[in-house]
Amino acid sequence: LGVPDFKAQAAPSNQTTEQPELVCDTGRSVQVSGTAVVNVTPDRVLIQLGVQSNDVTPQMVETANSRTINKVIQALKAQDIEEKDIVTDWYVIEPVYDSYSSLYIKGYRINNIVAVTLSDISKVNEVIIAALNAGANQVVDVEFYLSDLRKYRDQARAMAMKAAQEKAQDLALAAGAETGCVMNINENTWSYYNGGWYGQNRDLWTQNAVQNIAPAGGETALTEAGPVNLGQISVRAEVSASFSLR
């Protein structure tokens, strides 16, 4: 009789190779902050233009104001501005008294303000001049915006966090240690117009990271002469973080 050939087989193993869990030592830590600013040329502007009219009766002042505001709107449309981007933002008719304490009404005044949205910021000065030539007598406000602000907020936040990490690593190395896990993070992000009447913000000179985004229309978009000095929108992010030391 032949002897059965029993081949030795390794028993299946239920054990798996596990990576050691990273333990965060909270006994030693380093606290740092990081700041980043992304300067972006705005791609949208809101202009508020007004026509103030005065006359003796409500009918006369309304007629005069309507005639002028229609000329202004036609001048704006001649600048290739669509009708949906020209809206009445403010319309007030009020009596004009003979004096501060008098009840005698000597006339009426209308303040009629239209808001104009431009996607081509290089035309700001041209649009304002055209409106003034058509009869507008007030430039109430000029506000610059970014249509894709979220993207630059994320970019500034990432730059600020990278600056904080690099600072923590440098400090740890100087102390003969290494950074470990992140213990906590606090973040603050905001944006503001950096130009026009206010000039450049000197706080930007001392930040950890500053990035200038080239304007979509090229460098000439910032050098057009006119009553409005085109600046940039500064998107700023600040983070403070704690890293463990090992």
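Analyst: Along the sequence, the elements come in the pattern β-β-α-β-β-α-β-α-β-β-β. That gives 3 helices and 8 strands. Keep in mind that this is a predicted model.

Some overall values first. The protein has 246 residues, and 35% of them are buried. Its accessible surface comes to about 15,700 Å², with 50% of that belonging to carbon and sulfur atoms. Among contacts with a separation of 6 or more, 84% join residues 24 or more positions apart.

Now the open sheet. Four strands build it, in the order S3-S4-S2-S5, with antiparallel pairing. Its edges are strand S3 (86-97) and strand S5 (138-145), each of which pairs on one side only. From one strand to the next, the twist averages 15 degrees.

Take the pairings in sheet order. S3 meets strand S4 (residues 105-118) in the antiparallel sense, over 11 bridges. Within that pairing, Ile-86 stands opposite Val-116 of S4. S4 also pairs with S2, again antiparallel and over 11 bridges. S2 then pairs with S5 in the antiparallel sense, over 7 bridges.

On the S4 side, its bridge partner is Val-116. On the S5 side, Ile-47 stands opposite Val-142. Leaving out residues up to four places away in sequence, Ile-47 touches Val-114, Ala-115, Val-116, Leu-118, Val-124, Val-127, Ile-128, Asp-141 and Val-142. Val-124, Val-127 and Ile-128 in that list are buried residues of H2.

Look next at the loop between S3 and S4, where Tyr-104 is found. Is Tyr-104 buried or exposed? Tyr-104 is exposed, because its relative accessible area is 54%, and the cut-off for exposed is over 50%. Tyr-104 still has partners: it touches Val-96, Tyr-97 and Asp-98, not counting residues up to four places away in sequence.

Helix H1 (residues 58-77) lies across strand S2 (44-55), S3 and S4. H1 runs at about 150 degrees to S2. In H2, the buried residues are Val-124, Asn-125, Val-127, Ile-128, Ala-130 and Ala-131. The cover over them includes S2, H1, S4 and S5. Just after H2 comes Gly-135, with a positive phi of about 125 degrees.

After H3 comes Gly-176, whose phi is positive, near 75 degrees.

S8 is the other contributor worth a stop. In S8, 12 of the 14 residues are buried, so this strand is largely enclosed by the rest of the structure. S8 has antiparallel partners. It is joined to S1 by 12 bridges, and Val-38 stands opposite Val-235 of S8. Strand S6 (residues 179-194) is joined to S8 by 13 bridges, also antiparallel. There, Asn-194 stands opposite Gln-232 of S8.

To put the part you asked about together: the sheet runs S3-S4-S2-S5. H1 lies across S2, S3 and S4. S2, S4 and S5 are among the elements that cover the buried residues of H2. Ile-47 bridges to Val-116 in S4 and stands opposite Val-142 in S5.

Note on methods. Residues are numbered from 1 along each chain as its sequence is written. This is a predicted model: local features need pLDDT of at least 70, side-chain atom pairs count only at pLDDT 80 or more; totals for chains, interfaces and linings use all residues. Side-chain values use heavy atoms; hydrogens and water are left out. Two strands pair if DSSP finds at least two bridges between them. Helices (H or I, at least four residues) and strands (E, at least two) are DSSP runs, numbered from the N terminus. Axes are lines fitted to C-alpha atoms, for helices over the stretch in contact, and angles run from 0 to 180 degrees between N-to-C directions. Contact means heavy atoms within 4.5 Å. Buried means under 20% relative accessible area, exposed over 50%, partly exposed in between (1.4 Å probe, protein chains only). Accessible areas come from the Shrake-Rupley method with a 1.4 Å probe; for residues, only the protein chains shown count as cover.
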